[in-house]
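Thanks for sending this one over. Here are a few notes to read with the structure open beside you.

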There are 2 protein chains.
Amino acid sequence: MIKKIPADSPSRRRAPRPNELLARLSRDDRRRLLRNDKPLELAFGHVLCEPGERLHYVYFPVDSIISLVTAIDGHAGLEVGLVGNEGMYGVPLALGVDVSPLKGLVQGSGTAWRVDALRLRRQLQRSASLRNVLHRYAEVLMIQLSMEAACTRFHVVETRLARWLLMTADRAHADAFHITHQFLSYMLGVRRVGVTRAATALRRRKLIRYHRGNISIIDRAGLEAASCTCYATAKREYKRTMNGMRPRTGTVSRGRGAVRARTSAKQLG
Amino acid sequence: MIKKIPADSPSRRRAPRPNELLARLSRDDRRRLLRNDKPLELAFGHVLCEPGERLHYVYFPVDSIISLVTAIDGHAGLEVGLVGNEGMYGVPLALGVDVSPLKGLVQGSGTAWRVDALRLRRQLQRSASLRNVLHRYAEVLMIQLSMEAACTRFHVVETRLARWLLMTADRAHADAFHITHQFLSYMLGVRRVGVTRAATALRRRKLIRYHRGNISIIDRAGLEAASCTCYATAKREYKRTMNGMRPRTGTVSRGRGAVRARTSAKQLG
DNA sequence: GGCGGTATGTACGCCATCGCACCGCGAAGC
DNA sequence: GCTTCGCGGTGCGATGGCGTACATACCGCC
């Protein structure tokens with residue numbers, strides 16, 4: 001699924017942009033990493049790596065989309081991250097670990113640059129600027145994971161669905177794509193019926209349209225309003241983290257900090 | 001809270017062990033990192049860093065416990081990680097980012113080594129072995145975060161409570177510690193009443209005992225059986241990741257892998 | 001142009017948790 | 001010794017999601 005819908009409206013599809021992590025590398029870093037390789041075609045449903053297995057490559061999507069799915073006993077799994085041309089799959093290798101805890105599932109077919117583990121390791125040793133970019137992205141991913149945990153815990157299906165659609169549209173560079181309720185239920189960790197209900201509600205509010213797996217966003221601003229703040233948060237945090245912007249200057253509690261400590265203990269009391 | 005209960009039974013308390021990350025460093029790395037510093041006393045309720053603010057230090061707990069709490073609109077927050085002498089607080093700095101997305105809340109008073117951001121950065125540039133240890137821990141944290149997301153989504157309060165108690169006992173090096181239902185409800189992201197109910201159930205099963213905040217584990221094996229598998233998973237993944245053990249050798253789907261791709265697409269209907 | 005399979009819509013009873021309210025007990029402080 | 005307050009226990013109706021089952025509608029294929 002997530003195939004483009006040429007019949008519908010090619011105008012919906014924006015021009016694919018290069019992978020943002022690769023774009024941030026110096027010319028030399030990029031050349032040494034990619035050599036003479038060509039981007040690879042990834043097909044929907046393809047599993048790049050099963051959880052707990054060895055990572056042989058990292059992938060830098062161009063216009064493909066990769067779902068990060070965590071394993072959990074008694075359930076099919078739960079999507080905890082979404083990777084498009086803004087990121088990479090295979091962060092553990094960037095941290096010196098050659099096992100992936102997360103299943104990499106191609107959720108939108110398209111192309112991606114692939115780099116093998118050994119070459120990545122060599123270039124990481126050699127280049128501090130490469131490390132800088134990939135490690136910053138590792139931090140982005142950590143932010144996403146913790147946000148995902150809280151969002152999954154507290155937000156209802158409808159707002160989560162809205163967020164998911166927006167995030168996918170961004171990564172697909174299109175406002176329309178193909179995905180079934182069944183697949184969505186797997187990603188969101190809810191029943192298929194739960195997705196149907198939420199999707200029906202969004203459709204009644206004239207925010208989306210869908211028909212047998214073809215979903216299109218018809219009111220982007222409305223959908224953003226209907227989604228949880230996590231959508232905006234994720235975008236903001238990506239920018240801030242990758243650009244190395246200064247945090248807002250606030251009172252940082254350190255040293256003894258007895259007052260603040262008591263305050264928060266009180267709040268919880 | 002999480003103060004020791006000397007009256008109860010000092011025998012409950014095991015000898016504190018040194019911070020495991022520091023223990024993994026070479027003598028030189030460790031000396032350059034810690035200089036002539038002494039470990040710091042951290043008091044319960046103290047906030048090491050608010051989410052979104054600048055990280056001035058990293059902390060390596062010895063016998064203190066630090067909760068990683070993610071911010072979420074409309075809620076008090078949600079604990080997404082627990083750091084004791086097996087880890088560190090301030091992973092973003094190890095990845096070259098000087099803002100923490102997660103609140104660092106001292107949840108168990110005790111001591112920790114503190115290293116300032118600049119010195120850490122210098123030593124990271126200098127030492128690949130230091131990078132190796134800290135980046136491996138960053139990976140451990142990512143595994144914990146994704147596990148936490150799924151656990152929070154799918155597991156009921158009682159099993160999650162059991163897991164929390166076990167994890168805290170491990171990090172406190174004691175089977176008894178002090179914590180109120182109110183505080184637990186904040187950590188687990190549920191109502192206070194929800195904790196009371198779950199705790200009552202565990203008590204009736206003779207796995208724990210508690211009285212006005214003093215909780216003790218009286219049947220560790222039973223509590224492990226009552227907790228979700230996430231407890232065992234976290235322990236196993238920590239070991240595997242930090243020791244750099246080989247993954248189990250399995251069929252890694254790569255290249256075309258059309259068969260596997262079709263299979264999983266089928267499963268999802 | 002009928003048929004089978006896929007995708008979606010709806011219904012029903014159940015359960016975990018929610019939000020709120022109220023009560024009782026025990027510890028610390030006046 | 002009495003009061004106050006923090007902590008834990010219980011009850012009640014509401015709600016969001018679950019598991020299951022079944023109905024409908026559409027597509028592609030023969």
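1. Let's start at the DNA. H8(A) gives the most, with four residues. Keep in mind that this is a predicted model.

2. Now zoom in on that surface. Of the 18 residues around DNA strand C, the ones that come nearest are Thr180(A), His181(A), Val156(B), Val190(B) and Gly194(B). By type, the surface near DNA strand C splits into eight polar, seven nonpolar and three charged residues.

3. Next, look at DNA strand D, which has 18 residues around it, with Val156(A), Val190(A), Gly194(A), Thr180(B) and His181(B) the closest. Two or more residues each come from H8 of chain A and from helix H7 (181-188) and H8 of chain B. Here H8(B) has the largest share, four residues. The surface near DNA strand D is made of three charged, seven nonpolar and eight polar residues.

4. The largest nonpolar core contains 166 residues, and Ala138(A) and Ala138(B) have the most contacts inside it. Leaving out residues up to four places away in sequence, Ala138(B) touches Val91(B), Ala94(B) and Leu95(B), plus Leu95(A) and Ala138(A) from chain A. As background, nonpolar side chains tend to be buried together in soluble globular proteins.

5. Finally, chain A overall: you'll find 11 helices and 10 strands in it. Of its 269 residues, 51% are buried. Among contacts in chain A with a separation of 6 or more, 77% link residues 24 or more positions apart.

Definitions and conventions:
Residues are numbered from 1 along each chain as its sequence is written. Chains are lettered from A and ligands numbered from 1 in the order in which they are written. This is a predicted model: local features need pLDDT of at least 70, side-chain atom pairs count only at pLDDT 80 or more; totals for chains, interfaces and linings use all residues. A nonpolar core is a set of buried Ala, Val, Leu, Ile, Met, Phe, Trp, Tyr and Cys residues joined through C-beta atoms within 7 Å. A residue is buried if 20 or more other C-beta atoms lie within 10 Å of its own, exposed if 12 or fewer, and partly exposed in between; C-beta atoms are placed from the backbone. Two residues are in contact if their C-beta atoms, placed from the backbone, lie within 7 Å. A residue is near a molecule or strand if its C-beta atom, placed from the backbone, lies within 6 Å of it. Ala, Val, Leu, Ile, Met, Phe, Trp, Tyr, Cys and Pro count as nonpolar, Asp, Glu, Lys and Arg as charged, and the others, Gly among them, as polar.
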